[in-house]
Each structure stands twice: as C-alpha cells, then as structure tokens.
Amino acid sequence: MNALASGGHAPGPVIEIRNLSTRFGDIVVHQDIDLELERGQVLGLVGGSGSGKTTLLREIVGLLRPSAGTVRLFGQPVLDPDPARQRTLRRRFGMLFQQGALFSALSVYDNIAFPLRELRTLDEAMIGELVMLKLAMVELEARHAWLMPAELSGGMTKRVALARALSLEPELLVLDEPTAGLDPDRSESFVRLIRMLQMALGFTVVMVTHDPETLGGLATRFAVLADQRIVALGSAADVLAVDHPFIRNFFGSGRAAAAIGKAAA
Amino acid sequence: MSLAAIETVEQAGGLQVLLSGDWTLATMPEPLSSLEARLREIGAGAKAWDLRPISRLDSAGAIVVWRAWGRCWPAALAVSTEHRSLLERVVAIRVERKEAGSRAARPGLVFLGEQALAALDHFAGLLGLLGQGVLDLAYLARQPAQIPWREFSANVYKAGALALPVTALIGFLIGIVLSYLSALQLKTFGADVFIVNLLGISIVRELGPVLVAVLVAGRSGSAMTAQIGVMRVTEEIDALATMGVSRSQRLVLPKVLALAVTMPLLVVWCSAAGLVGGMVSAKLQMGLSYAFFIDTLSRVVPVANVWIGVGKGVAFGFLIALIACHFGLRVRPNTESLSSRTTTSVVTSITVVILVDAVFAILTRNVGIPF
C-alpha cells in the first residue's frame, strides 16, 4: 500500500500460532489451533459466545499462557523468558480493550503520554506534541486532553483508548470488540477512523467482534472459531464457501451477508 | 529495519542535507534530543533538504525533524507527498497547556481557610447523613415490612461475629502485657493486690472500647468505605436508585445500626479477654489466685464502669459506620479517589473516636471511680 507498510522489515508473518491448545480444568477451549497473519492485513476473529475468542486474543498478546503450543509475534515468542526482550516486543503492538481500560486516576493527556514516558527517552515537550498529534489523529480536540476518563462519553473513551494504543506507533493493533457499546452511528465513524489510520500507518490488525458492520467495514481476512478450532480462515469468499452451522447462522443473516458481501466485492 | 541516517552533499547552490533510513520511534538513535541537536547543527548551513530517501517516517520522527528546522519550513525541500502530509499534521499541532495555578503554592492563611471549609463541608455531610438516617428510621417505624433485616444481619455477622477471634486475641495479649508491666512496678511498692483495681478500671472503662474501636475502624470501617466507593465507581448505587431502592435505607442505615449494636458486644468480649489475660499473667507473675482476682474484681470495680464501656461502644460503633459511609459516598469514579477516601475514612474515624473518648472521660469523671 505504501512505503510505510513495506519499508525494510524482516519478512514473515506478524502473528504465528502453532498447535495452540487451551484448557481450564476439564473444559477444553481451543484444540490445536494454527493461525498466521501477514503484515498489513486486518483479521476479523468471529465465533459464538463462549467460543474462546477473547481468550485467544489474550494468548496472542501474552496476557495468558496457552496450555500447549506457541504464539510468535514478529517471529519472536510472545512469552519470552528474557524480560528486556519481552518489553521490547510488547512495545511493538498496541491493544484496545473492550472497556477502554483507561487509567481512571490520570487525565486523557496523561493516559496517552503514559507509554511515551515509560520509554524514558523523550523530553516533556516532545511528549506533549506527540500526545496532541495522537489526539488529532483520533479526531479529538486539544481541549479534551484535560478531561478525566470518568467525564468521557463511550465513543470518546474508545477514541482515547485507541490513541493510547497507537502512541508508540505499533506495528500490530489488537482490538477487543472495538465497537461494542457504541450506537450504530458512532460505531460506523469509529470503524471509518480505524480503517483510515490503518491505511495511513499501515499497521496490522487483529480484532474480535460480534458486529457484522464492524467486521465488513474493516476485515480483509476472516477466521471463524467454533468447536474448539478454527473452522474457516481466509477471505470473505473462502469463509462463505465453508459449510458449517455457525457460518450459516452468522453469515446467513441479511445484515451480515450485506456487510461481508461489500467486503468481498 | 534500517537506522536513521544523515548525509550532507556539496552542491552548486550550497550544502544539501539528505535524510535516509527509518525515522521512527523505534529506530531513531537515543536520546532524541541529541539527534535533534545534531540535525540542527548540520542543517544550520544547509540550503536544501532532501527527505525522499527516508523509508519510514512516523510522527515522532516528523516532530524531531520539524523541531530541528526551528519550526519553519526550509527554503528548499524535497519530500514525498505522504511524508509532507505527515509533516503538515505536525505543523498544525497546538499544544494546549493546562491552566496553571491549581497546584501553585498558596499562602498559609488561604490553605488553612480551605482546610477549614473542607472540614466544615464534611461535617455538614455527616449531619445530613445523620438527619437522613433519622428520617429513614421514622419511615421504617411506620412501614416495618421495609426494614432491611437481611442487610442488618449480614453486617452484624461481618463486623461482629467474624471479628470475635481477632478482638479476643488482641484483648488477651494486651491484658497480659499490661498486667506483667504493672506487676513489676507495684511489687516495688508492695502494692501487689492493687493489680486488680488497676486492670479492672483501665481495661473495662478505657482500653476495651478504644482497642475495639481502632480494630473495627481498620477492619469494618475501611471495608464499608471501599464497598460503597466501588459501588459508586461501577454505578451500582445509581442502579439501586433507578429500582426505587433508597441507598440510605439499604446501604447506610443497616451498617450504622449493625455497628452500633455489635460494637458494645465486642467491647464486652474484648474487655473480658483482656481481664482473663491479666488474670493469667497475675497468677504466673505474683501468684494471685483466680478466685481472689474474680472476687476482688467485683468489689473494686463499680458496675458503672461496665456501662460506661458499653456506652462508649455504642457511640464509637455509630460514629465509625457513619464516617465510613460518608466517605464511601464521596468517592469519585477513579481508583486514586477510592484509595484516598478509604485512608481518610479510617484516619478520621480513629481520630474522632479518640476525641469522643476524651469527651466521655470529662463527662463521666465523677462516675464509677471508687474512693
């Protein structure tokens, strides 16, 4: 798409999951999952309630250790035993949590500045300019910088959380239900915002969502999680070609078919 | 991934600066301030800039370059359209500073006044909570079916029954220590038998109530503030209100009443444990028999002291729960406020307990002291 995305990086998939299994006690959540995601792609992970989508997402970012199998990001194991390597790796991706997970005691400005300050190499003036740039990027105004998270509306919380996730210029953005809790209008504008930023900055995206509009508006690749494994993976056409009850249900509904069909076209 | 590089080329028109490689947060050499200074130094005599060889430029890189230019466009610039639009976004940044002054040092008198006003505000809040409690009681007296018995008994169990082991342990240990240390002193005066008077009056009248109050403030008071505070943060209190459930009737009143009922019982329990500890220690240290101790105790400690201790228990329990609920309801929806309110709640209730204890001491100075 542009020089940003392709520029001088080691080749190979951004996300590489091999033989991943997850068990909680006797409950098997995932069994032998394999997944790869190339640079610059937007993967939409769908599946029924309780199919372990969010669990898989937490394993991808290293918040949860899978029972078996490995997750590699940028070719490195995400649960690297070396703390310094792990920290470097974790700075290369940003995560947008479902409820935003903003630090409630810090203002919007300090929330976005937090990861930048953690680098300990930037001066405060530089941080200030970067924060304001990120705010402008997510289409918020400078005066919003001094609000506290409790004073934000749902849509603004998501935007601030996105700005914080993007503050270290990540190569991978992980989204957990990016539009849950937003009304259709805001949800649409948030999807448009993410897509615009993705085109401009060229990062890779993996997201979990229930919302067909979000999925159709953003994803270039789809993975369907059902029966403890990934039953379909690929473009919209590839996924629709697979015969599985969940896929018939989810993609069979008029709304979903229209949204995904747009993406496939 | 290639590192950010700077080159200079001598040209007909003068010096030209060539930037190449990745100018991103991850690839620029640290610290950025020295990179910026170097760039500024090299660029000082330059006529033209060529940014086309840059493979990746992110906003941090663009800010470094823009600042090195002294925040104005160079006379001659060659740059790709993408990177130019990024630079233009950087140019458009307006850093809005928070209006200063909120943290500025204030003169002592203003500070004192603000503190006094804050204290007054809390006092008014407590008074309002108390008034609401009286109104709730009047309402419940007319509507006995609405009395929150379940919440009341749950609070009695949590603040009372579960506190029995720890209060007994603390009381027993303090009794032993007090008895042991007093015995050492009394022996030198040959006043061994007065250990019973000393322990009886001090534990029943003073130590039992205050010890229990400090324990309960730390144990139950903090829990009450944190519980109501989290319910505020998660909007559970608002949810209750929309269901037509009064927060003062369902949350505050049962806590205050439960603690006012439980505390005197805990005081009696703790004082008894303290006396047992003192008795055991007196037996081991001075050979005072248990029968003698118990017999003397009932003669030298007027029963009025027990009533004073119980009365203090009621007052302390009432105050601790009221203060805990007041600060819980003042929690603002963030984690910092939750922690500071919980701290303030415990510190305030212990301070108030000590103050009220002093008032009790003055008011009852002629009661229950044998001459």
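Author: A definition first: two strands count as paired if DSSP finds at least two bridges between them, and strands (E, at least two residues) and helices (H or I, at least four) are DSSP runs numbered from the N terminus. This is a predicted model, in which local features need pLDDT of at least 70 and side-chain atom pairs count only at pLDDT 80 or more, while totals for chains, interfaces and linings use all residues. Residues are numbered from 1 along each chain as its sequence is written, chains are lettered from A and ligands numbered from 1 in the order in which they are written, and side-chain values use heavy atoms, with hydrogens and water left out.

Reader: OK, how many bridges pair strand 4 of chain A with strand 5 of chain A?

Author: Strand 4 (residues 68–73) and strand 5 of chain A pair over two bridges, in the antiparallel sense, and A:R72 stands opposite A:P77 in strand 5.

Reader: And what's the strand order in that open sheet of chain A?

Author: The order is 2-1-4-5, four strands with antiparallel pairing. Strand 2 and strand 5 (76–77) of chain A are at the edges with a single partner strand each, so one side of each has no neighbour in the sheet.

Reader: Which helix packs on it?

Author: Helix 2 (residues 53–60) of chain A does, touching strand 1, strand 2 and strand 4 of chain A, where contact means heavy atoms within 4.5 Å. The direction of helix 2 makes about 125 degrees with that of strand 1 of chain A; axes are lines fitted to C-alpha atoms, for helices over the stretch in contact, and angles run from 0 to 180 degrees between N-to-C directions.

Reader: Back to strands 1 and 2 of chain A, how many bridges join those?

Author: Seven bridges join strand 1 (residues 15–24) to strand 2 (residues 27–37) of chain A, and the two run antiparallel. A:E16 stands opposite A:E36 in strand 2, and in this hairpin, with two residues between the strands, A:G25 takes a positive phi near 65 degrees.

Reader: Switching topic, how many residues does each chain put into the contact?

Author: Chain B gives 29 residues and chain A gives 31.
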